[in-house]
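Here is a briefing for a reader who is new to protein models. Please keep the sequence and the structure in view while reading.

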Amino acid sequence: MITKEASPAAPARHDSTPEPPSRPARKKHRAWDEVPRWHIYLPLGIYLLFTLIPFYWILLFALRPAGSTSLVPWPMTTVHFEKVWTDRAFGTFFQNSVLVGVATLLTTTLVALAGGYALARFDFRVKRVFMLALLCSQFVPGALLLVPLFEIFAGLQMINSLGSVIIAETVFQLPLSMILISNFIKNVPYSLEEAAWVDGCGRMRAFRVVVLPLLRPGLIAVGSFAFVHSWNHFLFALMFLNNQEKQTIPVGLNTLMSADSVDLGALAAGGIIAAVPVVIVFAFIQKWLITGFSAGAVKG
Amino acid sequence: MAQAAAVAKPPTPPRRRRASATPRRLPYLLIAPAGLLMLGFIAYPVISVFYYSLQNYNPTKPWRNGYAGFDNFVHLFTEDPLFWDTLVFSAKWVVVEVGLQLMFGLALALIVNQTFVGRGIGRALVFSPWAVSGVLTSAIWVLLYNSQTGITRYLADMGIGEYGTSWLSDTSTVFSAVVVADLWRGVPFFAILILADLQSVSKDLYEAAEVDGASRFQQFRHITLPHLKDAIILSTLLRAVWEFNNVDLLYTLTGGGPAGVTTTLPLYIANTSVDAHNFGYASALTTVAFVILLFCSIVYLRLSKFGGENK
């Protein structure tokens, strides 16, 4: 793709400043505008098909009556949703998943922000060891620590409490979040902070006023990783919560799938319920990412 | 403001505001919460896995429990063909998945980093599978691959392929089928991380390169790629580890089958501990998996000279 873009764009670049015939307002970023449109739309369109067909497929199964083979979800029915929400307790699962997701988002972001700042801005004695521990922890498969983790939570009397899942999700999100945040902080010039100190700000205030706004896209990325990951992850919930009242959506979905004869309509409806909050979060993130980027925060 | 400052700073020098006088304890205070959590819920369980790997430990056969020395490891390396089979499959799975995800993710990030009409919605749609869970991905692709009502039925209607084809239960197609399902979800991960990193490339560099007459490809090769290098190295490494450990999708989509051809090492371990309750042997397998991952990662970081230029 990139190689193809190179040749058609090349000749145009040499006639530099003197007024280009079209689009004078965009003069500054001309280079990026010169990419032929079809180099963008064609691959994007093909990729969009690959992305969207599976989504359409699950919508189709969720909305068309059982046994129908129509490729259009018409006549439309909500019977699968009603069944899953009440009979299969997805209403309860939904509440539990929201609680776990929000709590994990908050704890992960706060703890990782503190740690990430220390890693980005200070040299201290255990830093190398700590960085190494962070990297190493990435190689520890959470799935394989299920047994010892279960024993720890049993010892803490936390089996069957959402707290155990929140802690486990936070812990396994932390290393990556902290590495990402410290990289984002490193990208903010230290001199900006120093300038704020010279102006009489304390370290905390300088951080809040100068660094934090620039970190917004990064923090939103990290926070949404944490939320989405804990929303989606099912092994911990499967292991630590054995009471149906406490279980989360992915566990419910897994139960639907592992049934002897899979009810495809119910499975599809359950899947849509699992996807909706994430899609909403996602729409929200998109808006913030784009405004965050275009607000000039990163352009400097 | 005042109280916020007091929280972050230990109260040693009460009136000093200069950062040069930052208390020495501050970085330790800042990493303490993360450090303690990881100590208690990662380090300690890991140590107990090492401990169990030297034990016979099976809650369903308590009379055999006790110190086993290196029996588990001996059995693993000499008498267990499944270990080697699953290890080879894991390697194949990781290399194929991460390679393809990086390729498509990089291309996708570069495309949606352009300015074009509909960019916002285009990004949102193209990235959306990232947010979908392994279990949900399985659910979707189970519907797509279903032999009766899945995509093959409609392809057969159009004269392509045969009715009743199930890509997931045929050993010759199952690998591609699973790879495609995981790509669907994995490509956006790379695209998002790379796109985020692309935002911090200074526009001045491109302008300067243009003044010097560099072609688009040269700009990509000499400005974009070096800038992305660390992000690419880190994200491929993390993704490789993640794909290696990814049990959700394979477990729910194929269950490691048909005939065990899609069983990765972690899936084998999960089966050993959850189904067979053989915690001791599962711990030995985990220990070996951990050592292999660590070794590969160190080699990878060395070869790629991660963070080499920065400090």
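In this predicted model, 92 residues of chain A and 82 residues of chain B make up the contact; two residues are in contact if their C-beta atoms, placed from the backbone, lie within 7 Å. The side of chain A that touches chain B consists of 68 nonpolar, 16 polar and eight charged residues. Here Ala, Val, Leu, Ile, Met, Phe, Trp, Tyr, Cys and Pro count as nonpolar, Asp, Glu, Lys and Arg as charged, and the others, Gly among them, as polar.

As this is a predicted model, local features need pLDDT of at least 70 and side-chain atom pairs count only at pLDDT 80 or more, while totals for chains, interfaces and linings use all residues. Residues are numbered from 1 along each chain as its sequence is written, and chains are lettered from A and ligands numbered from 1 in the order in which they are written.

**Chain A as a whole**

- Chain A has 13 helices and zero strands; helices (H or I, at least four residues) and strands (E, at least two) are DSSP runs, numbered from the N terminus.
- Of the 300 residues in chain A, 45% are buried, where buried means 20 or more other C-beta atoms within 10 Å of the residue's own, exposed means 12 or fewer, and partly exposed lies in between, with C-beta atoms placed from the backbone.
- Among the contacts of chain A between residues at least 6 apart in sequence, 76% link residues at least 24 apart.

**Domains of chain A**

- Chain A is assigned domain 1 (34-77) and domain 2 (81-297), with bounds that come from an automatic or database domain assignment.
- Taken over C-alpha atoms, the centres of domain 1 and domain 2 of chain A are 29 Å apart.
- Five residues of domain 1 of chain A touch six residues of domain 2 of chain A.
- On the domain 1 side of chain A, the touching residues are five nonpolar, no polar and no charged.

**A helix pair between the chains**

- Helix α12 (residues 249-257) of chain A and helix α6 (residues 134-145) of chain B have axes that come within 9 Å and cross at roughly 30 degrees; axes are lines fitted to C-alpha atoms, for helices over the stretch in contact, and angles run from 0 to 180 degrees between N-to-C directions.
- α12(A) and α6(B) are therefore roughly parallel, since angles under 35 degrees count as roughly parallel, over 145 as roughly antiparallel, 65 to 115 as roughly perpendicular and the rest as oblique.
- In α12(A), A:Pro250, A:Leu253, A:Asn254 and A:Met257 meet B:Val135, B:Leu136, B:Ser138, B:Ala139 and B:Val142 of α6(B).
- The contact of α12(A) with α6(B) has seven nonpolar, two polar and no charged residues.

**A helix pair within chain B**

- The axes of helix α10 (residues 216-245) of chain B and helix α13 (residues 279-304) of chain B come within 11 Å and cross at roughly 165 degrees.
- That angle makes α10(B) roughly antiparallel to α13(B).
- B:Ile233, B:Leu237, B:Val241 and B:Phe244 of α10(B) make the contact with B:Leu293, B:Ser297, B:Tyr300 and B:Ser304 of α13(B).
- The contact of α10(B) with α13(B) has six nonpolar, two polar and no charged residues.

**One residue: A:Phe282**

- A:Phe282 lies in helix α13 (residues 264-297) of chain A.
- A:Phe282 is partly exposed, as 19 other C-beta atoms lie within 10 Å.
- Apart from neighbours within four places in sequence, A:Phe282 is in contact with B:Ala124, B:Ser128 and B:Ala131.
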